Structures are given as C-alpha cells and as structure tokens.
Amino acid sequence: MVATSRPGRRTNLALLVLLTGAFVTGWLAFAVGAAPGARAVAVLHGVLALGILVLAPWKSAIVRRGLRRRRPHTVAVMFTLLLALSIVAGVVHSTLGPLEVGGVSALAVHVASAVAAVLLAVAHVLRRPQRVRRGDLSRRTALRTLALGGTATLAYAALSSLTSVAGLPGARRRETGSYEMGSGDPSAMPVTQWFTDDVPVLDPAAYVLRIERTGRPERQVSHAELLTAATTTRAAVLDCTGGWWAEQTWRGVPLDVVLGPLAGGSIVVHSVTGYTRRFPPDDAAGLMLATHLGDAPLSAGHGGPVRLVAPGRRGFWWVKWVDRVSVDDRPSWAQSPFPLQ
Ligand code: HEM
Ligand code: HEM
C-alpha cells in the first residue's frame, strides 16, 4: 500500500512556520528601538499573525476531524483559546488603542497569552507531529506560500486602512506600535518598570553612585556632586514595551563625562533593585545619568534619584534607580537580550 499524505499536513506545517515567525518577530518588535527597522518588524509581525487567520478555514476542517477522535483534547483546545485571546488583544491594541481592563493593558494580555499559547503549541505539536517530506519543496508549495503571503499582506493592509479611515486611535501609533502619553508633561507619563521590579523609595541624601573598573571600586559620587555636574539637557523619546511613548526633556550628566575615555569592554549600569543592562563603550556619549525630568527632580516612580537615559533604545534599557556603573572586559552582547531579573 502506498503511504498517502494525510490532508491538512501542509496546513499544519504552514501554521507552525507562521506561529514561530509571529513569536520571534513579537520579541524583535520589543527589541528594536526606532524606525525604519521597527516599522518593518511590526508589519512583518502583523502579516505573519494574520496569516494564521487566513488559514483558519482549512485548519477548522482539521480541527473537526481531530475532535471526532477519542483522545484527550485539553491541550489543543486550551492552546486555541489562548491563541485566539492573544490575536484579539493584539488587534485591539493596534486598532482601538492602549485599552486597560482592571489595570491590565491589552498589550500585556497579548504578550502573556502569546507566551502561554506558544508553550502549549509546543505540547500540541509534540502530540500531533507532522513530518516534512521531500515533495514539500515543490513549485506548488512555493505558489501556495506566495498566495498565503499575498492574502495575509492584503489582510494587514485592509486592517491598517480601516484603522485610518475610521480615525481609530491605532492610526496614531508610533512605528513600534506604542501610543503617545504625557510628552512634555512628566506627571501624565505612566510609571512602569520591568515586571520583576518594584519602585524602591531612596533617600537622596544617603544616595551614592559607585563607579567600578574591572570589578575594583574606583570612586563614589554623592547625589549633591551629581546635581552640581548635571548641567546637560537632552530631549529624548522613552518608548516603553508596555505600549506607550513620551518625549521629555531630561537633565543630567553624560556617561562619557562620568567615566572618562574607555578602551574596549563594556559598561554595566546597575540598579539598586539588582536590574542590570550592559552597553557598548561607544554609546557612552549618547547615554546620560539623569537627575531631573523637565524642571523637577526625578520622582521615585520615574527612577529617582538617578536613572539612565538611553535615546533610541526601548524603555527596558533606561535603567532606573542607578547605584553603580562599572566598566569591564566583557563584550556588550554578553547578556540576555531581555532582562531576566
Ligand atoms: C503567537 C504569537 C503571536 C501572535 C499570533 C501575535 C499576533 C499579533 C497580532 C494579530 C497583532 C496585531 C497586528 C496589527 O493589527 O497591526 C499583534 C501586535 C503586536 N504584537 Fe503580537 N503576536 C504574537 C506574539 C507577540 C509577542 C511574543 C510579542 C512581544 C514580546 C508581541 C508584541 C506585539 C506588539 C508590540 C504589537 C503591536 C504592533 C503594532 O501595533 O504595530 N507579539 N500581534
Ligand atoms: C494556529 C495554530 C493551531 C491551532 C489553533 C490548532 C488547534 C487544533 C485543534 C483544536 C485540534 C483538534 C483537537 C485535537 O486533535 O486534539 C487540532 C488537531 C491537530 N493539529 Fe493543530 N492547531 C494548530 C497548529 C498545529 C500545528 C503547528 C501542528 C503540527 C505541525 C498541528 C497538528 C495537528 C494535528 C496532526 C491534529 C490532528 C488531526 C487529526 O487527528 O486528524 N496543529 N489542532
């Protein structure tokens, strides 16, 4: 008997590619700071995600057949529900704006349900594996892939046009997908931090900034000394992965002034909470230790007494409550792409 390909196998494989692509580009969208890369990543993310919906009619035939079989369906059903929630929350964020329910934003729901869905997707694929066959790399597959890509792109373009024509908030989002909130008005700027951090309240009088080189203490700078040196003002856009952005004027001391000339290695900016980000030495002149936001000293929520201003980088690089800056020999890429603690 000749083994025949079970109908739907290629649909499932295409879904695997789309799902993986959507997950990877979602994280890339969080990683990139500014146009034009940000726009390209966000569009690709939307197109791949809408490609999943384009395949829904074909997948629903597979689902009906699968559900008729006598075996546990919990993983597949939970996965489907979480994926649907993630897609709905993603589209809500991109069209209707930065909506919140009970203090939780649509974007947070989107990302959390995407992560949970992808974990279940792994379990689903392990339970219902699909083999790749040599014949899959055919002209026919190439044409189908083109048709799928074209339809998903049209769906994305239609959704974007609808958002613009209907004057929905989504038409005003930045290339990263973030919405403007509180530019030039620090009191209206949201207070958010990486989900593992809480706001510590520090006494500026007791505050010291420690400078270290290759693990050795070099000097300590008091808050009063920093305030005297903080004469540089810079306008910079803080674009948070929580889905908002704001342009503010920050006052502080550029990091190259604090550190002096650097030869290689990297700069580690450390927070009192243990949160850390590593930067290439060439970035020192563009980075700034800020003591003021607008005309007022930095509030605890916004990272006071001292926070990093990192123009062109997403918010999670703008380390708050900085208590130590060190220079060591490790390269700047020797860190996790997203904070782990
Ligand atoms: C299975 C995985 C995922 C799917 C199916 C998915 C799906 C979607 C969809 C349908 C949209 C709306 C696109 C639009 O209308 O423009 C969207 C937007 C977005 N997603 Fe995802 N997503 C996934 C994972 C992620 C992850 C892991 C992240 C971040 C870590 C992420 C971040 C974003 C962001 C920032 C937007 C807004 C982009 C914009 O407004 O242009 N997504 N996603
Ligand atoms: C959009 C993503 C997907 C969703 C929402 C989804 C959902 C489902 C559901 C609800 C079922 C029926 C219940 C069951 O069999 O327990 C099912 C069946 C199945 N799925 Fe998926 N799935 C997705 C992607 C995938 C992927 C990526 C693969 C493998 C590469 C896959 C392979 C299968 C197979 C082989 C079946 C069984 C079909 C049968 O028994 O005839 N699915 N899927």
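Domain bounds, which we need for the opening stop, come from an automatic or database domain assignment. What you are looking at is a predicted model, where local features need pLDDT of at least 70 and side-chain atom pairs count only at pLDDT 80 or more, while totals for chains, interfaces and linings use all residues. Residues are numbered from 1 along each chain as its sequence is written, and chains are lettered from A and ligands numbered from 1 in the order in which they are written.

**The two domains**

Select 9-177 and colour it: that is domain 1. How far apart do the C-alpha centres of domain 1 and domain 2 lie? The answer is 36 Å.

Now look at where they touch. Here 10 residues of domain 1 are in contact with 9 residues of domain 2, contact meaning C-beta atoms, placed from the backbone, within 7 Å. On the domain 1 side, that set divides into 4 nonpolar, 5 polar and 1 charged. In this scheme Ala, Val, Leu, Ile, Met, Phe, Trp, Tyr, Cys and Pro count as nonpolar, Asp, Glu, Lys and Arg as charged, and the others, Gly among them, as polar.

Helices (H or I, at least four residues) and strands (E, at least two) are DSSP runs, numbered from the N terminus.

Most residues other than glycine have a negative phi, and most peptide bonds are trans. Now for some exceptions.

Jump to T214, in the loop between strand 4 (208-213) and strand 5 (216-222). Its phi is positive, about 40°. Is T214 buried or exposed? It counts as exposed, because it has 11 C-beta neighbours inside 10 Å; the cut-offs are 20 or more other C-beta atoms within 10 Å for buried, 12 or fewer for exposed, and partly exposed in between, with C-beta atoms placed from the backbone.

Then try W321, between strand 12 (307-309) and strand 13 (322-328). W321 also has a positive phi, about 50°, but this residue is buried, with 24 other C-beta atoms within 10 Å.

Finish at P305, in the loop between strand 11 (296-297) and strand 12. The peptide bond from G304 to P305 is cis, with omega near 10°.

Technical notes: Contact = placed C-beta atoms within 7 Å.
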